[in-house]
Amino acid sequence: MIEVRGLTKVYPPDTVALREVSIVIPDGQFVVLIGPSGAGKSTFLRCLNGLIAPTAGEVLVDGESVTRARGDHLRRLRARIGFVFQQFNLVKRRSVLENVLIGRLAHVPRILSLFGWFPPRDRVAVESVLARLRLGELAGRRADSLSGGQQQRVAIARALVQEPRLILADEPMASLDPALARTVMDLLSQINQEDRITVLTSLHVLDLALAYGQRVIGLRDGRLVYDGRAAALGGKEIEAIFGEAGT
Ligand code: ADP
């Protein structure tokens, strides 16, 4: 379970990106975070896995504070949280296999991984995820030789081999064309259902949010302005999130 309490982020000198956002996400939910550009979606997701330190408030994952964790403790907590970026964030010159192995780093003693050695069980875990995501034949290819859709599948595979409790995705389809955007959403949705992994993904495309989100959270100007079922999102709610331009 994720508990967010009074999360506030001010970027110096005075940009308020989040204003006292509080929310609870039980295990296994598929949650879509929507809001216009600049609403604070990316900042919110990054506070959840400790990439950004909030100015006030706290994030708890399974009762443990991500916000107060440091060093090895933070590393262990982060291992439970996969993160999928809009721009994929792969190591361009490395192979698909090497990129996905990075997802196992938190499970391997650091001294071994420093020398590029991963125990056989980690290689087996990676191979099975590659096969599941239809990336097996691409394992030896350099990441930057792949299409955008393939690169995002590699990024999702990297998150999946972490064996996370939670996957956070920051507009994972923003760099892809609409058909591929659906493929990425289908994959996240499948992972949520088959693996019982909680998924929280931000989107700026409303129709995808309506099609996939069981639960939709709306942010505007750093404030939580909607939290409810996708089916209950009407014109009034959409306007509250996106302003008149969104209606
Ligand atoms: P979204 O993901 O919804 O587009 P962001 O979280 O990226 O929103 O941004 C929220 C607000 O914080 C915006 O006003 C943005 O300009 C500002 N912001 C984001 N990152 C930084 C940063 N590193 N430094 C200063 N301001 C930032």
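User: How many salt bridges does the structure hold?

Analyst: Side chains of opposite charge can pair when their charged atoms come close. Here, a salt bridge is a side-chain nitrogen of Lys or Arg within 4 Å of a carboxyl oxygen of Asp or Glu. The structure holds 16 salt bridges. This is a predicted model: local features need pLDDT of at least 70, side-chain atom pairs count only at pLDDT 80 or more, and totals for chains, interfaces and linings use all residues. Side-chain values use heavy atoms, without hydrogens and water, and residues are numbered from 1 along each chain as its sequence is written.

User: Which residue meets Arg165 in a salt bridge?

Analyst: Asp27, at 2.9 Å from N to O. Arg165 sits in the loop between α6 (148-160) and β7 (166-169), and Asp27 in the loop between β2 (15-25) and β3 (30-34), so the pair ties together parts 138 residues apart in sequence. Helices (H or I, at least four residues) and strands (E, at least two) are DSSP runs, numbered from the N terminus.

User: Is Asp122 buried or exposed?

Analyst: Buried means under 20% relative accessible area, exposed over 50%, partly exposed in between (1.4 Å probe, protein chains only). Asp122 is buried, at 0%. Its salt-bridge partner is Arg104, at 2.7 Å from N to O. Arg104 is buried too, at 4%. By contrast, Arg165 is partly exposed at 38%, and Asp27 is partly exposed at 48%.

User: Which residues are linked in a network of salt bridges?

Analyst: Asp27, Asp62, Glu64, Arg80 and Arg165. Within it, Arg80 pairs with Asp62, their closest N and O atoms 3.7 Å apart.
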